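Please have a look at it first, and then we will go through some of its parts in turn.

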Amino acid sequence: MLKQIDITLSPVDAQKTDNYTEYASKILKISKNRISYIKLVKHSIDARQRDIKVQLRFVIVIDEPNYKPEKIIFEPKNVTNSKEVAIIGAGPAGLFAALRLIELRLKPIIFERGQDIHQRKRDIATMYKNNKININSNYCYGEGGAGTFSDGKLYTRSSKRGNVNRILELFYLHGANENILYEAHPHIGSDKLPKVIENIRNRIIEHGGIFHFNTQVVDIIIVNGKINGLKLNNGSIFKTTNLVLSSGHSAKDVYKMLASKNILLAAKDFAMGVRIENPQEIINKIQYHNYSKIELLPAAIYNIVQHVNGKGVYSFCMCPGGVIIPASTSDNEIVVNGMSASKRNSGFANAGFVCEIKNEDLTEFKKFGVFAGLEFQSHLEQLAFNNGGGGLIAPAQRIIDFIKKKKSYDLPKSSYIPGISSSEIHNWLPKFMSENISKALQMYGQREKDFINENAIMIGVESRTSSPIRIPRNRETFEHVEINGLYPCGEGAGYAGGIVSSAIDGMNVAESIAKKIKD
Ligand SMILES: Cc1cc2nc3c(=O)[nH]c(=O)nc-3n(C[C@H](O)[C@H](O)[C@H](O)COP(=O)(O)OP(=O)(O)OC[C@H]3O[C@@H](n4cnc5c(N)ncnc54)[C@H](O)[C@@H]3O)c2cc1C
């Protein structure tokens, strides 16, 4: 007999995993011996009240001593001689499209402008050493895409678009810790994710898929409204009739290339702002109400949503125990983002703090048409560079000073390795953004007084939260509305915002291509 039960425990009791069978037997009012199998399927912390609780959900099998749990099934085929599907970009969208294609007996050929994971790590180390970005191998470009060196947070609000659990299962089957299958807020960590990504690549290659790293697609060839091939930066042409375009939203050159061929693009709302950082200790105190056994709890997370002047201002991609990193992809721009190692133990807590941006906010950029948002984004990234300290040194300000509109004469320690330099962010951030962010911080600060403290800073700019452009596609077939065989996919196409939603989109697109080929 299979049963599901929920147990609520104190953090102290929740640590005693050896006692779980006993807790379950008490709730079920049966002897421990009758429990043939017990599995934790949900784990969350309820810190809404001072009396913090851990909520656990178990699947339990009773009186079935020979019970064997179902295995997660993934059955890729050998696709060496199968029909080829080209994929631009080895980010989550491209990789999960490829994983699904090998299940569906199709051969993925992946073109990635960046390097494989090992060379990418070396390039990032060189970037820190030289205080200079490598424009094709960085925190956004390379094997695994933008999410490889991230917190690896695997939660998404887009569960309606597909099977979130399937993505978690595939990450688990490729080396992620089993806890991602039951944690309410699963995450992998920037120290573990590269190995998982490498395992995914090896799986695809073992089954006949092909990767071309350090290979940028510079043009797509269209004949009579149909995809016909790709031009690569090494001068060669790759013939294909099915193309997954999952190049992410940092690849501004891809949008420009599409526009130069009169391929329909659409502007969309997006969000930009700054990254804020606090000592993790303060966040723990706020979120866990000064709980005395804080060491039993993970680094606390927060989620801020405020509405100011009819616009959403919110925290984004919060990285507990994480670090702020330089995520630029070109010279003369500063873009920041955040990541955490699996243990989330840096001592800092950072999050994007961004303000909704709509087309009507971009009057000065109207002349750029569909590229208004993209140009505004570049403008802000260059402003951050001009107001930083040169190279990758980012502009920063204490939050208290930002609110008071005054310069910070000194800055507290920050996790951002290239260094920060004091800047009057309130002066150069566009007025509507500056005002909305300031107001939202004050509103939250009224509720959580400790949040705005002497050590709380902001670093500019957090500009790549979502794509300012959508590449329109058919809702059912996922094919571009005008170009046959072109499948815009993932975050850069405007259909995802995060690792899991991009991966789901990749799987959906792969299924659609397989269906079309079969029909
Ligand atoms: C530092 C950081 C931390 C993040 N943390 C999280 C997190 O914890 N959780 C979360 O859900 N999301 C996180 N994100 C966001 C997440 O990484 C993205 O939403 C996700 O990676 C988008 O997936 P994608 O496959 O659509 O695009 P991308 O991951 O951007 O991948 C696109 C790939 O295409 C390649 N490419 C671009 N142009 C070309 C071309 N012309 N030819 C060949 N290749 C090309 C790029 O090099 C890149 O590898 C983070 C992002 C960053 C930068």
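Before I name any element, a word on terms: a strand here is a DSSP run of E with at least two residues, and strands are numbered from the N terminus. In that sense valine 461 belongs to strand 20, and I begin there, with the reminder that what you see is a predicted model.

What is the geometry of the peptide bond from glycine 460 to valine 461? The bond is cis, and its omega is near -10°. Strand 20 covers residues 457-462, and glutamate 462 is also part of it. Is glutamate 462 buried or exposed? Its relative accessible area is 0%, and because buried means under 20%, glutamate 462 counts as buried. The side chain of glutamate 462 makes a polar contact with the side chain of arginine 275, at 2.6 Å.

Another residue with a relative accessibility of 0% is asparagine 350, which is therefore counted as buried, and which sits in strand 17, residues 348-357.

Let me turn to the ligand. Which residues come nearest to it? The ligand has 36 residues around it, and of these Ala93, Glu112, Ala146, Glu491 and Ile499 come nearest. By type, this shell divides into 14 nonpolar, 17 polar and 5 charged residues. Helix 3 (92-103), strand 16 (336-340) and helix 13 (499-518) each give the shell at least two residues, and, seen by domain, at least three residues come from each of domain 2 (84-266 + 467-518) and domain 3 (269-462).

At proline 92, a polar backbone atom lies 3.2 Å from an oxygen atom of the ligand. As for how much of the ligand is covered, taken alone it exposes 990 Å², of which the protein buries 95%.

Next comes helix 12, residues 431-447. The buried residues in helix 12 are Met433, Ser434, Asn436, Ile437, Ser438, Ala440, Leu441, Tyr444 and Gly445. As a general point, an α-helix has 3.6 residues a turn, so residues three or four places apart point the same way.

I will finish with two asparagines in loops. Asparagine 214 has a positive phi, near 55°, in a residue other than glycine, and its place is in the loop between strand 6 (210-212) and strand 7 (217-223). Asparagine 262 is not a glycine either, yet its phi is positive at about 60°, and this residue is found in the loop between helix 7 (252-260) and strand 11 (266-267). Asparagine 214, at 44% relative accessibility, counts as partly exposed, whereas asparagine 262, at 67%, counts as exposed.

Conventions. Residues are numbered from 1 along each chain as its sequence is written. This is a predicted model: local features need pLDDT of at least 70, side-chain atom pairs count only at pLDDT 80 or more; totals for chains, interfaces and linings use all residues. Side-chain values use heavy atoms; hydrogens and water are left out. A residue is near a molecule or strand if one of its heavy atoms lies within 4 Å of it. A polar contact is a pair of N or O atoms within 3.5 Å; within protein, one must be able to donate a hydrogen and the other to accept it, and residues adjacent in sequence count only if both atoms are side-chain atoms. Accessible areas come from the Shrake-Rupley method with a 1.4 Å probe; for residues, only the protein chains shown count as cover. Helices (H or I, at least four residues) and strands (E, at least two) are DSSP runs, numbered from the N terminus. Ala, Val, Leu, Ile, Met, Phe, Trp, Tyr, Cys and Pro count as nonpolar, Asp, Glu, Lys and Arg as charged, and the others, Gly among them, as polar. Domain bounds come from an automatic or database domain assignment. Buried means under 20% relative accessible area, exposed over 50%, partly exposed in between (1.4 Å probe, protein chains only).
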